[in-house]
Amino acid sequence: MSARVDTLLWLMQRASAMILGVAVAVHLGVIVRAVRGGVTAHEIIERLQGNTAWFAFYVVFAAAVAVHGSIGLRTVLREMTPLPTRLIDSVTVILVIVLISMGWRAVAGLYGFGT
Amino acid sequence: MVATLNVSIWRGGERGKFVSYEVPSRDDQTVLDVITHVQRHIDPTLTYRFACRVGMCGSCAMTVNGTPRWTCRTHVSRVTGTGRLEIAPLQNLKVLKDLCVDMTAFFDKWARAKGAFVATAEKGADFVRIKPDGRRRRQADAAIECIGCAVCYASCDVVTWNKDYLGPAALNRAWTLVNDDRDGGNKARLAAVAGDAGCHSCHSHQSCGELCPKHLNPTASIAGLKRATVLALLKGAL
């Protein structure tokens, strides 16, 4: 059981890292462009609303952040604290759910759901 | 007048201390020569471990100036750039006395990583023909010359953090068997090395490869195990 779970988590960590490698670069590029262009938050939201490509990008980006960050934190807690494994695994599951919920809620808001 | 060398050697158990000795300084002197001089001419109660003196047996590894090394093949002139020579037992293993550590945990992990060959051939069977230049044979060749000195184990940060971590040597051994066409134990072996104290815990710091006296690269072997366990997982064989 542990062998399968640990191998799966390792695979998910590497896969999410690959996504983040591209997504973070795009995200930073967009931020730099927006800042240098002097666009306002309002203008940015206007451009994103209804744009399916950016919506898909940020859905994947937010999920990758949640998965990568949670698995990474699990590793740190397991190596650096005496906390029991079950507690750490529970914290990991809760964290990934919270991060994905927050991320997707923000993405939905930018896309314009509910407006 | 004979030139002398000042050497600090760890004495006692886990709560011991460094004691300084003056030994003759000679050309082409190894660190093991220095320790042997102290034991034979200054203090016969000094405990240390060695056997072959030619880099084959893997029994004389110690911490030399803070770095794990095989002492029989380490010349004093190579490690005393600052004029200091400090010899301590290997890290990450329990100190028994002076420079001697308990290797039990180290070798128990070879067994836990399923480091024993599992024969599949019946009695009287013909020899298995393995091409020397085959991919799996070359991967095994790259990792096979381990002498079990525990230098990699002593230098591994993950072993320091997680006492259950199998360590570079045991995982390197498992990788040689994963690539052995004659072996039949890979299902159990991959399950054994894929747990939370196995190959996926490696942070690829590469101290093991940097310090291995045989110039092996256990980090590469562990990376191979990571790939093999992922493939096994995707095939439903883990």
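**View 1. The open sheet of chain B comprises 5 strands in the order S2-S1-S5-S3-S4, with mixed pairing.** The model is predicted: local features require pLDDT of at least 70 and side-chain atom pairs count only at pLDDT 80 or more, whereas totals for chains, interfaces and linings use all residues. Residues are numbered from 1 along each chain as its sequence is written, and chains are lettered from A and ligands numbered from 1 in the order in which they are written. Helices (H or I, at least four residues) and strands (E, at least two) are DSSP runs, numbered from the N terminus; two strands pair if DSSP finds at least two bridges between them. Within the sheet, strand S2 (17–24) and strand S4 (67–70) of chain B stand at the edges with a single partner strand each, so one side of each lacks a neighbour in the sheet. From one strand to the next, the twist averages 35 degrees; axes are lines fitted to C-alpha atoms, for helices over the stretch in contact, and angles run from 0 to 180 degrees between N-to-C directions.

**View 2. Strand S3 (residues 61–64) of chain B pairs with S4(B) in the antiparallel sense.** The pairing extends over 4 bridges. Val64(B) has Thr67(B) in S4(B) as its bridge partner.

**View 3. Helix H1 (residues 31–42) of chain B lies across strand S1 (4–11), S2, S3 and S5 of chain B.** This helix runs at about 90 degrees to S2(B). Two residues are in contact if their C-beta atoms, placed from the backbone, lie within 7 Å. Among the contacts in chain B with a separation of 6 or more, 64% are between residues 24 or more positions apart.

**View 4. Asn92(B) and its loop.** Asn92(B) is found in the loop between strand S5 (85–88) and strand S6 (95–97) of chain B. Although not a glycine, Asn92(B) has a positive phi of about 70 degrees. Most residues other than glycine have a negative phi. A residue is buried if 20 or more other C-beta atoms lie within 10 Å of its own, exposed if 12 or fewer, and partly exposed in between, with C-beta atoms placed from the backbone. Asn92(B) counts as buried because it has 20 C-beta neighbours inside 10 Å.

**View 5. Ala150(B) and its loop.** The loop between helix H4 (135–141) and helix H5 (151–155) of chain B holds Ala150(B). Ala150(B) is not a glycine, yet its phi is positive, about 75 degrees. With 26 C-beta neighbours inside 10 Å, Ala150(B) is classed as buried. Buried residues make up 42% of the 238 residues in chain B.

**View 6. The contact between the chains takes 12 residues from chain B and 9 residues from chain A.** On the side of chain B that touches chain A, helix H10 (residues 218–234) gives the most, with 4 residues. That side divides into 6 nonpolar, 4 polar and 2 charged residues; Ala, Val, Leu, Ile, Met, Phe, Trp, Tyr, Cys and Pro count as nonpolar, Asp, Glu, Lys and Arg as charged, and the others, Gly among them, as polar.

**View 7. Helix H1 (residues 2–37) of chain A packs against H10(B) at an angle of about 110 degrees.** The axes are 10 Å apart. H1(A) and H10(B) are therefore roughly perpendicular (angles under 35 degrees count as roughly parallel, over 145 as roughly antiparallel, 65 to 115 as roughly perpendicular and the rest as oblique). The contact involves Arg4(A), Thr7(A), Leu8(A), Trp10(A) and Leu11(A) of H1(A), together with Lys226(B), Thr229(B), Val230(B) and Leu233(B) of H10(B).
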